[in-house]
Amino acid sequence: RIQTISFGSVSLPTSPGHSELVCRTWAPVGASLLQENTNLAAATAGQSSSTLLAARAEILSNKLPEERSKMVTKRSGIVRLELDTIFRNAEP
């Protein structure tokens, strides 16, 4: 079973080498708030309940900024990533 508990985003490195990334995460206040906004977005767009996941993705990807801006969120934590990036077929 997969359960989403928070959201976050970070830009990946565009050059080779070692990188230490920090991703700050957030979560909606109240478990039903994101679902409520998703239902509203789906109803506004005339979508059926079977496409609620698509509406949720649109809210979170900022395609519906007016709905995202109404959400109340809280800090959820920090994810630290260490990446070693190499490029295939790169010229020296």
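## A nonpolar surface patch

Patches are made of residues with over 30% relative accessible area and no salt bridge, like charges being joined within 9 Å and nonpolar side chains (Val, Leu, Ile, Met, Phe, Trp, Tyr) within 5 Å. A salt bridge is a side-chain nitrogen of Lys or Arg within 4 Å of a carboxyl oxygen of Asp or Glu. In this predicted model, local features need pLDDT of at least 70 and side-chain atom pairs count only at pLDDT 80 or more, while totals for chains, interfaces and linings use all residues. Residues are numbered from 1 along each chain as its sequence is written, and side-chain values use heavy atoms, without hydrogens and water.

Val10, Leu12, Val79 and Leu81 make a nonpolar surface patch of about 320 Å² (Shrake-Rupley method, 1.4 Å probe). Leu12 lies in the loop between strand S1 (7-8) and strand S2 (17-28); strands (E, at least two residues) are DSSP runs numbered from the N terminus. Leu12 counts as exposed because its relative accessibility is 61% (exposed is over 50%, buried under 20%, partly exposed in between).

## The aromatic pair

The structure holds 1 aromatic pair. The ring centres of Phe7 and Trp26 are 5.1 Å apart and the planes stand at 35 degrees, so the pair is tilted (centres within 6.5 Å; stacked under 30 degrees, edge-to-face over 60, tilted for the rest). Phe7 in strand S1 and Trp26 in strand S2 are 19 residues apart, and the pair links distant parts of the chain. Trp26 counts as buried, at 18% relative accessibility.

## Surroundings of Thr85

Thr85 belongs to strand S3 (residues 73-85). With 18% relative accessibility, Thr85 counts as buried. Leaving out residues up to four places away in sequence, Thr85 touches Pro13, Ser15, Pro16 and Gly17 (heavy atoms within 4.5 Å).

Definitions and conventions: Helix = DSSP H or I, 4+ residues; strand = E, 2+ residues; numbered from the N terminus. Buried < 20%, exposed > 50% of the residue type's maximum accessible area, 1.4 Å probe, protein only. Phe/Tyr/Trp six-rings, centres within 6.5 Å; stacked < 30°, edge-to-face > 60°.
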